[in-house]
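Take a moment to look over the sequence and the model. Then read on with the structure in view.

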Amino acid sequence: MKTKPQRSKLWLTLIPLYAITILFVLFPIIYMVVLSFMSRAKVWGIELDVTINNYKKILEPLYLNTFVESFKLAVISTLLVALIGYPFGYFMAKLSAKWKKRMMLLIMLPFWTSALIRLYGWIIVFRSNGTLDKILMGLHITDKPLKLLYSYPAVAVGMIYALLPFMILAVYSSAEKMDWSLVEAATDLGASRFTAFRTVTLKLTMPGLLSGIVLTFVPSMGLFFIADLLGGNKIVLVGSVIQEQLTKGRNLPFAAALSVVLMVLTTLIISIYRKVTHAEDVEGLI
């Protein structure tokens, strides 16, 4: 049992944490929620006139379709990232310690440069007569340049490229801790490799896969700069609309309302993830 001086020291160490959380997390969220119920001033700023018109405006087909398109792109990106990242993280966990370090270095290497610079690299690859076009025409796969830049596939590739490391690291962390003898025991008892993977490996690495899905899906709803750079004005996400309302439209209350709705959606996704992982933990204990 902790003594009174020890408790005092503990509270002293927690005070900065709580102060930073309240100041930089709680207050901005409260301000954003309050701002979303205000009205836009005729010239600039806001008027202290409480209204729900900002949320009603989101239900208009133009803005509602933006949420739908953002959700679709997030689902597609997350699915492709999972299909690529899960096998990568799984087999990476089976490598020797020497190769694990090398692969970890290769995964972390892109984070040493700015995300914008890396995306500009994809512009060079996808543009007409760019790197990809020259390779495809050199191999006689195509006979003319492809119009890949400022398209939906280009944005999807940019999303996958930006979010793939999070899936790989999440799956790798889960697979590395797995007891491989359980898989061997399943095969010794007559299970096929696929059955052993489905009943043992997949279940044991499911927490890592779900973590990777959350780390991929939640950011992909708001990574508007990828859509702006690789999709031009053809692919409009919720984040793009929020930025436009802040810079061009100067409608701060409506931008706040969009942000609140986006925050609620991502919170629901995280809540579902927590319930699923908790249910799996309970099932594992049983």
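Predicted model: local features only at pLDDT ≥ 70, side-chain atom pairs only at ≥ 80, totals over all residues.

Start with a way of thinking about helices. Two packed helices are described by the angle between their axes and the distance between those axes. Now apply that to helix 7 and helix 9. Helix 7 covers residues 152-176, and helix 9 covers residues 193-220. Their axes come within 8 Å and cross at roughly 160 degrees. Angles over 145 degrees count as roughly antiparallel. Helix 7 and helix 9 are therefore roughly antiparallel to each other. The crossing of helix 7 past helix 9 is right-handed.

Which residues make this contact? On the helix 7 side they are Met-159, Leu-163, Phe-166, Met-167, Ala-170, Val-171, Ser-174 and Ala-175. On the helix 9 side, the residues include Leu-204, Pro-207, Gly-208, Leu-209, Ile-213, Leu-215 and Pro-219. Sort the residues of this contact by type, and you get 13 nonpolar, 7 polar and no charged.

Find helix 3, residues 61-93, and helix 11, residues 238-247. The axes of helix 3 and helix 11 come within 8 Å and cross at roughly 135 degrees. An angle over 145 degrees would count as roughly antiparallel, and one from 65 to 115 as roughly perpendicular. From helix 3, the residues Tyr-63, Thr-66, Phe-67 and Ser-70 take part. They meet Val-238, Val-241 and Gln-245 of helix 11. This contact divides into 4 nonpolar residues, 3 polar and no charged.

Next, turn to the aromatic rings. How many aromatic pairs does the structure hold? There are 11. Take Phe-37 and Tyr-55 as one example. Their ring centres are 5.2 Å apart, and their planes stand at 40 degrees, so the pair is tilted. Phe-37 sits in the loop between helix 1 (4-36) and strand 1 (39-40). Tyr-55 sits in helix 2, residues 53-58.

Now look at Phe-71 and Phe-217. The centres of their rings lie 5.5 Å apart with planes at 75 degrees, so this pair is edge-to-face. Phe-71 belongs to helix 3 and Phe-217 to helix 9, so the pair ties together parts that are 146 residues apart in sequence. Phe-71 is partly exposed, at 44% relative accessibility. Phe-217 is buried, at 9%. Rings can also join into groups. Tyr-86, Tyr-90, Phe-91, Trp-180 and Phe-197 are linked by ring pairs into a cluster.

Is Val-155 buried or exposed? The relative accessible area of Val-155 is 0%, so the residue is buried. What does Val-155 touch, leaving aside neighbours within four places in sequence? The contacts are Leu-73, Ile-226, Ala-227, Leu-230, Gly-231 and Ile-235. Compare its place with that of Phe-71. Val-155 and Phe-71 are 84 residues apart in sequence, and their C-alpha atoms are 14 Å apart in space.

Arg-193 is in helix 9. Its relative accessibility is 78%, so Arg-193 counts as exposed. Val-183 is 10 residues away from Arg-193 along the chain, with 8.6 Å between their C-alpha atoms.

Finish with the backbone. Most residues other than glycine have a negative phi. Two residues here have a positive value. Asn-129 has a positive phi of about 60 degrees, although it is not a glycine. Asn-129 lies in the loop between helix 5 (115-126) and helix 6 (131-138). With a relative accessible area of 45%, Asn-129 is partly exposed. Tyr-150 also has a positive phi, near 60 degrees. Look for Tyr-150 in the loop between helix 6 and helix 7. At 39% relative accessibility, Tyr-150 counts as partly exposed.

How values were computed. Residues numbered from 1 in each chain as written. Heavy atoms only, no water. Axes fitted to C-alpha atoms, helices over the stretch in contact; angles between N-to-C directions. Helix = DSSP H or I, 4+ residues; strand = E, 2+ residues; numbered from the N terminus. Parallel < 35°, antiparallel > 145°, perpendicular 65-115°, else oblique. Left-handed = near helix turned anticlockwise from the far one by under 90°. Contact = heavy atoms within 4.5 Å. Nonpolar A, V, L, I, M, F, W, Y, C, P; charged D, E, K, R; others polar. Phe/Tyr/Trp six-rings, centres within 6.5 Å; stacked < 30°, edge-to-face > 60°. Buried < 20%, exposed > 50% of the residue type's maximum accessible area, 1.4 Å probe, protein only.
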